[in-house]
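Subject: Structure handover and findings

Dear colleague,

Please find below the sequence and structure that I am passing on to you. My notes on what was found follow directly after.

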Amino acid sequence: MTRSAAVLSLVLAMTTLFASGDPFPNNPHRFLKSSLIRRLESTTRSGSGRVYHAMDYGADPTGKNDSTDALMRAISDAFRPPDEGRFLISGIVDLGGAQLDLDGGAYLLSRPLRLPSSGGGNFKIHSGSLRASDNFPKDGYLIELQPTAHQSGPQFASSYEYVTLQNLLIDANYVAGGILIVDSLRTTVDTCYITRFASDGIAVVGGHETYIHNTFLGQHITAGADPGERSFSGTAINIRGNDNAVTDVVIFSAAVGVMISGQANVLTGVHCYNKATGFGGTGIYLKSPGLTQTRILNCYLDYTGIVAEDPVQLLISGTFFLGNAFVKLKSVNGVMKGVTIVDNMFSGDDSASGIVQLDESGGRFVTVERVVVERNDVSGMGDRSTVGRGSVTGNGTLWAVDLSGVLLFPDKVRNVQYAVQVGRGGGIVGHAVRNVSGNVVVVESDAPVEATVHVLVDQS
């Protein structure tokens with residue numbers, strides 16, 4: 001009898017045994033027997049596949065028993081390369097699309113699921129739930145892509161490439177973090193729900209091109225107006241690296257929604273209602289003074305705003321700010337260059353808070369270049385812009401157009417265009433701009449005349 005025929009015969013025999021009901025109703029390991037049938041059936045269909053099922057290794061899908069060892073055995077098997085000569089980027093073994101399939105189970109963990117420090121790539125964990133036990137290490141994360149030692153600098157060596165975490169519910173049980181990704185290339189976190197984290201929901205350290213999308217994160221499970229909102233802590237997404245993307249993500253509770261301490265990152269379609277600014281929360285915090293290089297596009301800041309330290313090359317566009325949410329530009333070393341905040345919508349309660357605010361508590365902005373704030377639609381908040389327009393009518397020799405309530409910078413008029421429209425019967429007079437201090441443009445004529453003066457000022 002051939003091997004495949006023998007396997008098929010065994011499957012048929014065990015299927016017949018189970019057909020009339022569960023013959024092991026009181027056996028705590030009966031799920032293993034069901035799993036064995038499924039595994040044998042899979043073997044007859046696919047031969048030697050690279051899908052490793054959690055329950056085949058003794059993991060408990062009910063979440064009553066610790067499944068850490070079982071899942072680590074499955075991961076260890078998945079990281080055995082099918083072909084010793086096949087690599088992705090230099091030094092990273094191609095695991096051939098190996099998968100840890102959680103089979104829709106909910107598994108209890110007493111320590112992190114840490115991928116082997118030897119590294120690897122082309123691997124996926126998917127389709128189930130992971131929950132931290134009460135004694136889970138407080139400095140750990142439920143899933144860790146972490147080599148033996150973190151490397152830094154432009155020539156760092158990655159340990160993991162093309163690892164996908166998909167369709168997972170991560171419950172950190174208020175004792176740990178959710179997912180840690182260190183020195184990894186092209187990692188994807190897709191369609192996940194990450195909650196009850198004590199530190200970070202997702203932490204990215206070093207590496208390149210981690211893509212987080214279609215994911216929900218919240219320290220506490222709520223849908224807004226939570227009575228405990230003032231006590232929300234932790235950071236939903238903490239990125240300490242370059243060239244990453246966060247797209248189509250909802251952050252519904254945390255002290256900080258997204259913290260970025262790196263360059264060349266992009267956020268698109270991110271909805272933050274994690275903790276209101278009035279309660280001390282921040283939706284998006286850009287903590288890369290002097291080298292921001294971040295794009296925030298088509299996002300939704302819901303009662304919580306954006307803070308950028310010494311922003312250099314920052315674009316915020318197409319974003320909706322609700323509930324007096326605003327953009328704060330914070331001085332650390334007094335540098336602001338290449339900042340563009342255009343085509344956004346701001347909605348407030350007529351409290352007159354400005355849509356863009358300067359925080360110079362750490363020192364004044366000394367170097368300000370190429371800053372453009374304009375074309376924003378504002379309702380119920382104080383408009384702020386680097387472009388100001390105004391008109392004043394009078395009969396005399398002096399006209400003062402006060403733009404201090406609109407212009408972003410308190411005393412930084414760099415370009416003035418104006419026109420003097422003389423009333424009927426008025427003659428031709430000479431005129432000039434005499435003063436622009438305090439964002440008040442003063443135009444003087446050499447003879448009294450009735451006229452309207454129109455002024456356009458640009459601070460960019």
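For the residue classes used in these notes, Ala, Val, Leu, Ile, Met, Phe, Trp, Tyr, Cys and Pro count as nonpolar, Asp, Glu, Lys and Arg as charged, and the others, Gly among them, as polar. By that scheme, the lining of the largest cavity has 4 nonpolar, no polar and 3 charged residues. The residues in question are Leu 358, Glu 360, Arg 364, Phe 365, Phe 409, Pro 410 and Lys 412. A cavity here is a set of points, on a 1 Å grid over the protein atoms alone, where a 1.4 Å probe fits but cannot get out, and lining residues have an atom within 4 Å of a point. The search of the whole structure finds 1 cavity of 30 Å³ or more, and the volume of the largest cavity is about 50 Å³, a volume being the space filled by probe spheres set on the points, which are joined across faces, edges and corners.

Please keep in mind that this is a predicted model, in which local features need pLDDT of at least 70 and side-chain atom pairs count only at pLDDT 80 or more, while totals for chains, interfaces and linings use all residues. Residues are numbered from 1 along each chain as its sequence is written, and side-chain values use heavy atoms, with hydrogens and water left out.

As to the overall fold, the protein chain has 3 helices and 33 strands, taken as DSSP runs (H or I of at least four residues for helices, E of at least two for strands) and numbered from the N terminus. Of the 460 residues in the protein chain, 49% are buried, where buried means under 20% relative accessible area, exposed over 50% and partly exposed in between, with a 1.4 Å probe and protein chains only. Among contacts (heavy atoms within 4.5 Å) between residues at least 6 apart in sequence, 64% join residues at least 24 apart.

Helix H3 spans residues 68-78, and its buried residues are Thr 68, Ala 70, Leu 71, Ala 74, Ile 75, Asp 77 and Ala 78. These buried residues pack against strands S1 (51-53), S2 (94-101), S3 (106-109), S4 (113-114) and S5 (120-132). Arg 73, also in helix H3, is partly exposed at 45% relative accessibility, and its C-alpha is 7.0 Å from that of Tyr 57, 16 residues away in sequence. In the loop between H3 and S2 is Gly 91, which is exposed with a relative accessible area of 56%.

Strand S17 (residues 265-272) has 6 of its 8 residues buried, so it is largely enclosed by the rest of the structure. S17 pairs in the parallel sense with strand S15 (residues 245-253) over 6 bridges, pairing being assigned if DSSP finds at least two bridges between two strands; in this pair, Ala 245 stands opposite Val 266. S17 also pairs in the parallel sense with strand S19 (residues 294-297) over 4 bridges, where Thr 268 has Leu 297 as its bridge partner, and with strand S20 (residues 300-302) over 2 bridges, where Cys 272 stands opposite Leu 301.

Finally, the structure holds 0 disulfides, a disulfide being a pair of cysteine sulfur atoms within 2.5 Å. Cys 272 is in no disulfide, and the nearest cysteine sulfur, that of Cys 299, is 7.2 Å away. Cys 272 counts as buried at 0% relative accessibility, and Cys 192 is buried with a relative accessible area of 2%.

With best regards

Terms used: On a 1 Å grid over the protein atoms alone, a cavity is a set of points where a 1.4 Å probe fits but cannot get out, and a pocket is an open set with protein on both sides within 12 Å along at least five of seven lines; lining residues have an atom within 4 Å of a point.
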